Amino acid sequence: LHQETYGKSGCRRVVPGQYLATDPRGRAVMVAAVEKQKFVYILNRDASSALTISSPLEAHKSHGICFSICGVDVGFENPVFAALEVDYSDLDDDPDAEEPQKQLVYYELDLGLNHVLRKWCTPVDNT
């Protein structure tokens, strides 16, 4: 059991915990908020087979709303997480801009560098 404090004011849209996804091989966990913040934790076992959790690695994206996340089965490659997101940064600059497009975004955890990369994104249907 592990308890991490992200925010002290309860459940808010920028406090991670709304979405939780694990790598199918059990190597990493992504915890995300509805808006902006995403953290990835690397899971390992120590010499006594106790589970150890790394410090959080940030995968934040400002001006973005997350609808869902999940772990992608990539075998023994670096763990990959998929997220459905909308980038609303254009609406902040121009309220008359067209409706933002929902995107499928892939985040890759590079286990060698201990870094999370926004690997790839593509537009998807808004429904």
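The legends below describe close-up views of one predicted model.

Because the model is predicted, local features need pLDDT of at least 70 and side-chain atom pairs count only at pLDDT 80 or more, while totals for chains, interfaces and linings use all residues. Residues are numbered from 1 along each chain as its sequence is written, and side-chain values use heavy atoms, with hydrogens and water left out.

**View 1. The open sheet of four strands.**
The strands follow the order β6-β7-β8-β9, and their pairing is antiparallel. Strands (E, at least two residues) are DSSP runs, numbered from the N terminus. Two strands pair if DSSP finds at least two bridges between them. Strands of a sheet pair through backbone hydrogen bonds, either parallel or antiparallel. In this sheet, β6 (64-72) and β9 (115-123) are the edge strands; each has a single partner strand, so one side of each has no neighbour in the sheet. On average, neighbouring strands are turned by 25° against each other, direction ignored. The axes behind this angle are lines fitted to C-alpha atoms, and angles run from 0 to 180 degrees between N-to-C directions.

**View 2. Strand β7 and its two partners.**
Strand β7 covers residues 80-87 and strand β8 covers residues 102-110; the two pair in the antiparallel sense over seven bridges. Among the bridge partners in β8, V105 faces A83 and Y106 faces A82. β7 also pairs with β6, again in the antiparallel sense, over eight bridges. There, G64 has D87 of β7 as its bridge partner. β7 is mostly covered, with six of its eight residues buried. Buried means under 20% relative accessible area, exposed means over 50%, and partly exposed lies in between (1.4 Å probe, protein chains only). F81 is in strand β7 and is buried at 1% relative accessibility. The C-alpha atoms of F81 and E108 are separated by 6.5 Å, although these residues are 27 apart along the chain.

How many salt bridges does a search of the whole structure find? The search finds six. A salt bridge is a side-chain nitrogen of Lys or Arg within 4 Å of a carboxyl oxygen of Asp or Glu. One of them joins the side chains of D87 and K61, at 3.5 Å from N to O. D87 is in strand β7 and K61 is in the loop between β5 and β6, 26 residues apart. Both ends are partly exposed: D87 at 29% relative accessibility and K61 at 22%. Another salt bridge joins E85 and R118, at 3.4 Å. E85 lies in strand β7 and R118 in strand β9, so this pair ties together parts that are 33 residues apart in sequence. E85 is buried at 4%, whereas R118 is partly exposed at 34%. K38, E85 and R118 are linked in a network of salt bridges.

**View 3. E108, K119 and D110.**
The side chains of E108 and K119 meet in a salt bridge, at 3.2 Å from N to O. E108 is in strand β8 and K119 is in strand β9, eleven residues apart. E108 is buried at 14% relative accessibility, but K119 is exposed at 52%. D110 also lies in strand β8. D110 is buried yet has no salt bridge, and its nearest side chain of opposite charge, K119, is 7.5 Å away. For charge, Lys and Arg count as positive and Asp and Glu as negative; His and the chain ends are not counted. Beyond its neighbours within four places in sequence, D110 is in contact (heavy atoms within 4.5 Å) with N78 and H115.

**View 4. Two cysteines without a disulfide.**
A search of the whole structure finds zero disulfides. A disulfide is a pair of cysteine sulfur atoms within 2.5 Å. The closest cysteine sulfur to that of C66 is in C70, 10 Å away, which is too far for a bond. C66 is buried at 2% relative accessible area, while C70 is partly exposed at 40%.

**View 5. Two loop residues with positive phi.**
Most residues other than glycine have a negative phi. H63 has a positive phi, near 55°, and is found in the loop between β5 (57-58) and β6. N114 is not a glycine and has a positive phi of about 50°; N114 lies in the loop between β8 and β9. H63 is partly exposed at 33% relative accessible area, and N114 is partly exposed at 43%.
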